[in-house]
Amino acid sequence: MVLEPVLDECGSCTPAGNGAGRDLGPDELTAGHNGGLTALAAGQNGGGATLTSNRPFGTLVGGLDIGSATGKAVVLGDGEILGSFVLASTANPRQTAQIVMDQAIEEAGLGSLDELDYIVSTGYGRLQIPWANENLSEISCHARGAHWMGPTVRTVIDIGGQDCKVISVSPDGKVLEFVMNDRCAAGTGRFFESMARGLCCGLDGISDLANQGPEPCSISHQCTVFAESEVVTLVNEGVELPNIIAGINRSVASRITSMARRVGVIPEVALTGGCSKNAGLAAALEAKLNLSVVTLPNDPQIAGALGAALFAADKHLAQVA
Amino acid sequence: MSAQDAWRIFAEATRSLGNPEIDAWKAQGGKVVGFFCSMVPDELFTAAGILPFRMRGTGSTSTELADAYFTPINCTFPRHAFNQALLGEYDFLDGMVCINSCDHVRRVYDNWIQALDTPFVHVMSLPHKVDDPQVGWYHDDIAVLKEKIEGQFGVEITGDRLDEAIRLHNRIRALQKELYQMRRAERPPITGVQALEVMVAGTALPRERYLELLEEVVEEARTAPGVDGYRARLMIVGGELDDPEYVRIIEEQGGLVVTDSTCFGSRLMWEAIDEEDPDPVRSLARYYIQERPSCPRMCGDQPRRLAYVRDLVNEFRVDGVIAERLMFCDQWLVEHYMTGNDLKADGIPFLALDREYILSGTGQLRTRVQAFLEAIKGTSVTIRAGAQSLA
């Protein structure tokens, strides 16, 4: 179950319910979130199936990835994904965590948090979750999650809301090395949100493969603020939108390629994080890296939460052993 | 005076620019001269009876005033240090010696003489290579600074006085090194936070007074039970790192910093100045250009710097190296890239971090260090919010 950040008509990315700086009530979450409605309505009516009495799994664990832009939760039962949920982050990481985990638990057909044997949190909000048993860095979690989805993956490129990272993974899924961008929105979800605002095309417009023009513009500024000005200049010079969009994706792909070369790109390469949904970026990265990015069988946005859940399962099994 | 008092004085001197010891020094008519960069031979000031104070930007919260002179793509260290000067925080200085250690720091000189009326402001010319001709060059430049100090402060820096100052600074170096070498133990007597406090305080206190305090601290460390329960032994490699809080965040993630190669760290004291040369100015020139561990602004000397880092990694049984760099520093950017590749070939985990001079982006710092420790130790580190330092 996925809730995407809502895009208003000008394409600026607004957190659900325009709720920046305040807490969100569950009621507000339903507005404007396709796909989120059913689960939330079910939860509000108290009608979510409660299978508490009939626990069919030996090990039930949860993984939480509270990122800067979205919160993600995964519930695993005996190594199988039973439920997952993604939601635009609220200003309160605890609340974000509570909502996504409650929804993932419901999707898993469980009754409450108490049924989970172990919970690992990750992401920028990972220290804020009092009911998580432990926290781990998102680097370890993305590597683990991506490797679970695609065991042949050796390089993970995670592009999140406020950072991007390239992680080199061993054949057994351990982090060998990683590199992250620093102090800068360039090459992150925030960058695309800013560009979408400048182009009034929405994040979908930037992602759409049909919008990737044949002659990508050169976007020379890595700085998000200046790049947005540059894009506005291009728009006002009458440059065709698809060529600007292709230029934006190419500029980010170029930056990420430099980072990836620092670590060393070993196939197969997987994209995770929210920006993995940007098909235009994926295509631009494939062109720059001169290889195909592997298609993961599960939602790559939940890779971090999945990895956290997999570590939680390890921890629980070690405890009961 | 107990070791506890010494630690308090060190911690206080590290976390502010002025300190009560400087106040007392000034009250007795003592002079204080600030100097940028560890390549300035501060023994000269000690020989002249002047307190040498290593320039920092400690306590700064903004570069608002300095940014009229600098730009946002200049290094944040000189911007914060100069901002502090513009705010009057350096009014206790009777002089300031700048150096072309890098172009950002060098420009502090140009801006300083325009904006401030410090009685004595001088800029040194540091060569870029480490061969014999450069020793001769630096010898002459040190001699020029010596004459300027003598003229400005009405003192004669005789050979005997300079010899005495060198012996005092060497004695400090020897004790600092002894303290560092105790950290080779399984249970090091001090944390990385404490080590940096010791080193920074050594550039901010009257040196004879500092030596007394250092003796207390070293004496206590000889029998200290030591730090236990850490997850990995770390080394920090980098440049102008004077903020113990930065090290604290690294140590809060569970890694203990056991050694370093930084501008306020081991490079200041790992080697001693020759006390036998009949020309002490020549001793100083040879020490600063050729004998002390060099910094990346010196050309063609990377193999020696790498060997220094490798030796410390082995000697201190380092599990991972954290390379810190102030943003926009091209010297350290290239150095870390080279060192990282070489250490990785040795199988030594290496993490390169960018930072700004004042502590910021601590969430990003925590994430990187935590991930680094997880990668070193096979993902077994738990971090609790508000974790205490290891000390």
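## A leucine in a loop

Leaving aside neighbours within four places in sequence, Leu116(B) is in contact with Phe82(B), Ala85(B) and Leu86(B), where contact means heavy atoms within 4.5 Å. Leu116(B) sits in the loop between helix 5 (103-115) and strand 4 (120-124) of chain B. Helices (H or I, at least four residues) and strands (E, at least two) are DSSP runs, numbered from the N terminus. How far apart are Leu116(B) and Leu86(B) in sequence and in space? They are separated by 30 residues in sequence and by 7.4 Å from C-alpha to C-alpha.

## About this model

This is a predicted model, in which local features need pLDDT of at least 70, side-chain atom pairs count only at pLDDT 80 or more, and totals for chains, interfaces and linings use all residues. Residues are numbered from 1 along each chain as its sequence is written, chains are lettered from A and ligands numbered from 1 in the order in which they are written, and side-chain values use heavy atoms, with hydrogens and water left out.

## Where the two chains touch

Let us turn to the interface. Chain A brings 23 residues to the contact and chain B brings 27 residues. Together the two chains bury about 2200 Å², with 47% of it on carbon and sulfur atoms. Buried area is the accessible area (1.4 Å probe) that two parts lose on being put together, summed over both.

Side chains of opposite charge can pair when their charged atoms come close. A salt bridge is a side-chain nitrogen of Lys or Arg within 4 Å of a carboxyl oxygen of Asp or Glu. Which side chains meet in a salt bridge here? They are those of Lys344(B) and Glu177(A), at 2.5 Å from N to O.

On the side of chain A that touches chain B, the elements giving two or more residues are strand 7 (134-135), helix 4 (138-149), strand 10 (175-180) and helix 10 (303-320) of chain A. Strand 10 of chain A gives the most, with four residues. By class, this side of chain A has nine nonpolar, five polar and nine charged residues. In this count Ala, Val, Leu, Ile, Met, Phe, Trp, Tyr, Cys and Pro are nonpolar, Asp, Glu, Lys and Arg are charged, and the others, Gly among them, are polar.

## A sheet in chain A

Strands of a sheet pair through backbone hydrogen bonds, either parallel or antiparallel. Two strands count as paired if DSSP finds at least two bridges between them. Chain A has an open sheet of five strands in the order 10-9-8-11-12, with mixed pairing. Its edge strands are strand 10 and strand 12 (293-294) of chain A, each pairing on one side only.

Strand 8 (residues 155-159) and strand 9 (residues 164-169) of chain A run antiparallel and are joined by five bridges. Opposite Lys165(A) in strand 9 of chain A stands Asp158(A). Helix 8 (residues 241-263) of chain A lies across strand 8, strand 9 and strand 10 of chain A, at about 30° to strand 9 of chain A. Such angles run from 0 to 180 degrees between N-to-C directions, and axes are lines fitted to C-alpha atoms, for helices over the stretch in contact.

## A sheet in chain B

In chain B, four strands form an open sheet with parallel pairing, in the order 6-5-7-8. Strand 6 (255-261) and strand 8 (350-355) of chain B are the edge strands. Six bridges join strand 5 (residues 232-237) to strand 6 of chain B, and Ala232(B) stands opposite Gly255(B) in strand 6 of chain B.

Helix 10 (residues 244-252) of chain B lies across strand 5, strand 6, strand 7 (320-326) and strand 8 of chain B, running at about 135° to strand 6 of chain B. Within helix 10 of chain B, Glu245(B) and Arg248(B) are three residues apart, about one turn of the helix. These two form a salt bridge, with their closest N and O atoms 2.9 Å apart.
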